[in-house]
Amino acid sequence: MQRALENQFALVTGASKGVGKGIALELARQGCAVAVNYNSDAAGAEATVNEIAAAGGRAFAVRANVGNSSDVDAMFARIDAEFGLLNILVNNAGVQTWKALLDLTEAEWDRVIDTNLKGTFLCTQQAGRRMKANGGGSVVNIGSGSNKWPFPHLVDYTSSKGGIEQFTKVAAFELGEFAIRVNCVAPGAIEIERTKLELGDYAGSWAKLTPLGRIGVPKDVAGAVAFFCTPAAEFITGQTLYVDGGLFTRPAWPQA
């Protein structure tokens, strides 16, 4: 049976663990060859590559700080050499700082904005140029529930993710004429290595607030990302899809 993304080539940033790893695995399952980007976790990236290879797929790891233009240039040169083509870009790499607005340092702000928002810009620009030359492609940006609601103590993260949603719309408008679709997937409470450390009972705490009665896992986000990359979504661009079990559609009723 022909897989939905057979013979496609994808780059997933921040794919050494968590949601990014889940996305890389799902794209590979759907038929993609995957460039697995990482910044510091080389072992995690290799584990992602090995898992894809064990399932019969094709992947390689490539290091780059996506907020650094020289690193991004080198990463795309490596992708050119390995694949010679890029059909899909998933801008997943992201960091955050848990700190009150009045205590946040300039360096902490810059680190988050550079990685999350500037990284999305730099990678989309490089991928877009290649996709334009090759007749089109799909870009999926990873947003957040903070696109919709403000998150206290995450002002840098919230600002970056809100910017990503607006970036998605502008990029979709500008790149549409080149058959390049740009969409955003905004996860809600997703259980990964990082979020497990945020609360003593992360899953239980957020599940109680989620209409579907559970929190998300990486495969929930990965399925939405893969959908945006398939022919089934060929007339969808500039959209944000919330993968949150209804969490951010629920009003804070006093009796709830």
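Which residue follows α4, and what is its phi? That would be G135, with a positive phi near 90°.

**About the model.** This is a predicted model, where local features need pLDDT of at least 70, side-chain atom pairs count only at pLDDT 80 or more, and totals for chains, interfaces and linings use all residues. Residues are numbered from 1 along each chain as its sequence is written, and side-chain values use heavy atoms, with hydrogens and water left out.

**View 1. The whole protein, element by element.** Here you have seven helices and seven strands; helices (H or I, at least four residues) and strands (E, at least two) are DSSP runs numbered from the N terminus. The C-alpha trace spans about 55 × 45 × 40 Å along its principal axes. Its radius of gyration is 18 Å, which agrees with the value near 18 Å for a compact globule of 256 residues; the radius is taken over C-alpha atoms, and the globule rule is 2.2 Å times the number of residues to the power 0.38. As for burial, 48% of the 256 residues count as buried, meaning under 20% relative accessible area with a 1.4 Å probe, protein chains only.

**View 2. The open sheet.** Seven strands line up as β3-β2-β1-β4-β5-β6-β7, with parallel pairing; two strands pair if DSSP finds at least two bridges between them. At the edges sit β3 (59-63) and β7 (240-243), each pairing on one side only. From one strand to the next, the twist averages 20°; axes are lines fitted to C-alpha atoms, for helices over the stretch in contact, and angles run from 0 to 180 degrees between N-to-C directions.

**View 3. β1 beside β4.** Three bridges link β1 (residues 9-12) with β4 (residues 88-91), and the two run parallel. Pick out V12: its bridge partner in β4 is V90.

**View 4. Helices against the sheet.** Helix α5 (residues 155-175) lies across β5 (137-142), β6 (180-187) and β7, at about 160° to β6. Helix α7 (residues 218-229) also packs on the sheet, touching β4, β5, β6 and β7, where contact means heavy atoms within 4.5 Å. The direction of α7 makes about 165° with that of β6.

Conventions. Buried < 20%, exposed > 50% of the residue type's maximum accessible area, 1.4 Å probe, protein only.
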